[in-house]
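Subject: a model for you to look at

Hi,

Here is the structure I promised to send over. Have a look at it first, and my notes on what turned up follow below.

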Amino acid sequence: MKLTNHSHQNPTSFLLMGIPGLEASHFWIAFPFCSMYALVVLGNMVVLLVVHSEPVLHQPMYLFLCMLSTIDLVLCTSTVPKLLALFWAKDAEITFGACAAQMFFIHGFSAVESGILLAMAFDRYLAICRPLPYGLLLSPESVGKLGAAAVLRGLGLMTPLTCLLARLRYCSRVVAHSYCEHMAVVKLACGGTQPNNIYGIIAATLVVGTDSICIAVSYALILRAVLGLSSKEARAKTFGTCGSHLGVILLFYTPGLFSFYTQRFGQHVPRHIHILLADLYLVVPPMLNPIIYGMKTKQIWDGALRLLKWSPA
């Protein structure tokens with residue numbers, strides 16, 4: 001469905017294509033996405049309830065984990081229900097406002113999550129390398145300020161990205177994606193997309209580049225401190241406290257960077273592969289994060305068992 005280049009009326013709605021080339025399989029693909037979304041909601045709600053109900057977990061590491069769980073719930077809920085409606089009910093239409101809101105939540109809270117991961121790396125650095133002033137430096141008030149800073153930076157950087165959509169004139173309504181991803185919508189414009197492209201690359205590179213460098217520096221300092229420990233057991237225990245965080249970082253950054261840059265430069269990557277991976281990126285890390293932290297943190301695991309009344313006690 002095309003609009004002329006000389007039209008001054010933007011479409012009031014878009015049509016989501018889903019996964020190009022796999023339209024016949026949408027109905028069946030929806031089942032694993034529905035199952036993963038249910039696990040996302042269950043796992044992250046358990047984390048939030050356990051930390052809230054266990055006073056011993058009212059520590060910076062677990063407060064940051066609660067922020068991570070909340071962000072994961074927002075990211076999944078902003079995309080998966082509409083994706084399931086598209087796959088099961090063929091409800092492809094999405095209004096311009098809803099599309100812009102979905103884009104804002106996806107890109108904005110992805111940037112916020114990157115900031116929270118940086119704050120968690122800073123927490124691990126202080127706990128391991130500066131244990132004596134740790135409690136003073138990361139008081140609950142300081143944790144709240146770091147979380148607020150991550151939210152303000154992430155949403156502040158991504159707000160112009162969403163607002164830039166309103167200046168474009170669109171030649172098509174059909175979004176070749178399962179959700180309103182920024183570049184997938186920008187490609188529908190008749191022209192004048194250079195500001196959107198430049199700002200999108202700068203914002204993403206600024207967030208990911210700055211945060212990944214700071215995280216790498218934090219873990220380099222942690223590694224130096226750990227290698228200086230005389231006991232093998234102490235080194236193993238210290239590495240264990242960081243293992244879950246490193247796993248979450250890899251889950252977040254690796255597929256995210258692949259999806260971002262292949263959308264812009266990966267002309268040789270099959271479209272259905274890219275879109276399927278992009279869809280999974282918004283579900284798989286939020287599903288695995290509570291499992292990773294639950295397996296590595298005995299307090300969360302025990303609290304979850306008590307919450308679900310599986311504990312013999």
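Helix α4 meets helix α6 through A100, F104, H107, G108, F109, A111, V112, S114, G115, I116 and F122 on the α4 side, and the α6 side brings L146, G147, A150, V151, R153, G154, L155, M158, T159, L161 and T162. Contact here means heavy atoms within 4.5 Å, and helices (H or I, at least four residues) and strands (E, at least two) are DSSP runs, numbered from the N terminus. By class, this contact has 13 nonpolar, 8 polar and 1 charged residues; Ala, Val, Leu, Ile, Met, Phe, Trp, Tyr, Cys and Pro count as nonpolar, Asp, Glu, Lys and Arg as charged, and the others, Gly among them, as polar. The axes of α4 and α6 (residues 140-163) come within 8 Å and cross at roughly 145°. Axes are lines fitted to C-alpha atoms, for helices over the stretch in contact, with angles running from 0 to 180 degrees between N-to-C directions. The crossing of α4 past α6 is right-handed (near helix turned clockwise from the far one by less than a right angle; anticlockwise is left-handed).

Before going on, some housekeeping: this is a predicted model, in which local features need pLDDT of at least 70, side-chain atom pairs count only at pLDDT 80 or more, and totals for chains, interfaces and linings use all residues. Residues are numbered from 1 along each chain as its sequence is written, and side-chain values use heavy atoms, with hydrogens and water left out.

α4 (residues 96-129) has another partner in α2 (residues 60-77): their axes come within 10 Å and cross at roughly 165°. That makes α2 roughly antiparallel to α4 (the term is for angles over 145 degrees; under 35 is roughly parallel, 65 to 115 roughly perpendicular and the rest oblique). α2 passes α4 in a left-handed crossing. On the α2 side the contact includes F64, L68, I71 and L75, and on the α4 side F105, F109, I116 and M120 are among the residues involved. The class count for this pair is 17 nonpolar, 1 polar and 4 charged residues.

Then there is α1 (residues 26-53) with α3 (residues 80-89), whose axes come within 8 Å and cross at roughly 155°. These two are therefore roughly antiparallel to each other, and their crossing is left-handed. H26, F27, I29, A30, F31, F33, C34 and Y37 of α1 meet V80, P81, L83, L84, F87 and W88 of α3. That contact has 13 nonpolar, 1 polar and no charged residues.

A92 sits in the loop between α3 and β2 (93-95). Neighbours within four places in sequence aside, A92 touches F14, L15, L16, K82 and L86.

How far to trust it? Mean pLDDT (the predictor's confidence in each residue, from 0 to 100) is 86, and 89% of the residues reach 70 or more. Residues 1-8 stay under 50. Where pLDDT is low, the predicted coordinates should not be read in detail.

Cheers
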